[in-house]
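Here are some exercises to work through with the model open. Try each task before you read its solution.

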Amino acid sequence: MKKIYDFMVIGGGILGLSTAMQLQQRHPGCSLLVLEKEAVLSRHQTGRNSGVIHAGVYYKPGSLKAKFCKQGNIATKAFCREHGIAFDEFGKLLVATNDTELQRMQGLIERCAENEIEIEVLDAEQLREREPNISGVGAIYVPSTGIVSYAAIVEKMAQIVRENGADIELATEVDKLEEFTDRVTAYTAAGRFQARFLVACGGLQSDRIVRMLGIEPDFRIIPFRGEYYQLDSQHNQIVNHLIYPIPDPTLPFLGVHLTRMIDGSVTVGPNAVLAFRREGYRRRDFSLRDSIETFSWPGMLRLLKRHYRSSLTELKNSLSKPGYLKQVQKYCPQLKLSDLQAYPAGIRAQAVARDGSLVDDFLFRNSRRALVVCNAPSPAATSAIPIGGHIIDQLETLMEKDAELA
Ligand SMILES: Cc1cc2nc3c(=O)[nH]c(=O)nc-3n(C[C@H](O)[C@H](O)[C@H](O)COP(=O)(O)OP(=O)(O)OC[C@H]3O[C@@H](n4cnc5c(N)ncnc54)[C@H](O)[C@@H]3O)c2cc1C
């Protein structure tokens, strides 16, 4: 008889490992299996992001994002302190470069008040004092924003999970799921694995995992590549904080920013360009299956119609380094083309609804014995610890219902 684990987690990114670690804390002695299709952990979003520990400035008050980001900011730093993982609290400046942005900044100031995020409002002179190389007419300073390597956090979580007796199977892709009255079976090329309950944190594959459970998802994962450059190392001291533009509220992403990374380097980016392959990190990467799934989704055409102008601008700036540079020169005029050096891209898993709206908040779906994370874009790395707790709360409700039925 094949072993039946208490819990099985699909996905070796930060959500999978955070959930696995907290499952062991809440259910000491439980048997637990983590399945990851790549040969290493953090191969996708978790290992290819900006590394920012967000404070929670932008998110709609009352949303899961607003709540978990704020809790996650504190929890992530506490986890790093407890386990000796390097992180820094440089704080962040949201810089307005003209009167329109200054007006938009007011909206963000109000949002920070609603979300109870501590900030300081700076005028042009105060901004210059803090950041001599940044020009703007005003800024919001957010002291609690930090920086970390989320891959380093995952490594530590994986070590804890293994030490507490869990199995982590790498290079093991789940390609079929079957749910029975008493268990869930995952089929892989290495054989089948069984557990009483399943959690799936599959990032860019999450809609496919929902479908494996026999549920037709009411969203599709659309991949948006985030391309970065790294500044030449002579510019590692060019800024003292993380520098963000004031986002255009009609656009879904935050805008190209200057990030002081945990290794001391400074990155520029990311932009947001529609990708033709979910896990293809180069511009030329293409997958017929992924592209058909993207463009056959009714919401995709609606999304393109709504954002065609900004999509074209993003594409143009992706293909043209001078165009990309211009976005940063707006607030950091001294940077030149030769300062921008190649840096690996990341791809965001963004759920898009049938009506063409980008699913804004974190989203989950469940069956009787399985819970799938469906939409976990930024700030999900910051929020990973509270999201893991939330997943377990929901799973425990499924377990209670199951016990009643038994
Ligand atoms: C460019 C970019 C910048 C970002 N910047 C930030 C930031 O600064 N701060 C922040 O908080 N967030 C940021 N984010 C968001 C953050 O990285 C993600 O929200 C977070 O990493 C999601 O974690 P995850 O575990 O859900 O996904 P992932 O890290 O993508 O992990 C999913 C895992 O599931 C595995 N998997 C999928 N299908 C299967 C299967 N069938 N069988 C087995 N395994 C499977 C995959 O191989 C993968 O390892 C950024 C994201 C991007 C792309």
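A polar contact here is a pair of N or O atoms within 3.5 Å; within protein, one must be able to donate a hydrogen and the other to accept it, and residues adjacent in sequence count only if both atoms are side-chain atoms. The model is predicted, so local features need pLDDT of at least 70 and side-chain atom pairs pLDDT 80 or more, while totals for chains, interfaces and linings use all residues. Residues are numbered from 1 along each chain as its sequence is written, and side-chain values use heavy atoms, with hydrogens and water left out.

**Exercise 1.** Find the backbone atoms that pair up with the ligand.

Step 1: start at Gly 51, where a polar backbone atom sits 3.5 Å from a ligand oxygen.
Step 2: go to Val 52, whose backbone N or O atom is 2.9 Å from a ligand nitrogen.
Step 3: finish at Lys 37, with a polar backbone atom 3.1 Å from a nitrogen of the ligand.

**Exercise 2.** Work out how well the ligand is wrapped.

Step 1: look at the 36 residues around the ligand (a heavy atom within 4 Å), with Glu 36 and Thr 46 among the closest.

**Exercise 3.** Pick out what Ile 153 touches.

Step 1: skip residues up to four places away in sequence.
Step 2: list the contacts (heavy atoms within 4.5 Å): Ile 14, Thr 76, Phe 79, Cys 80, Ile 85 and Val 148.
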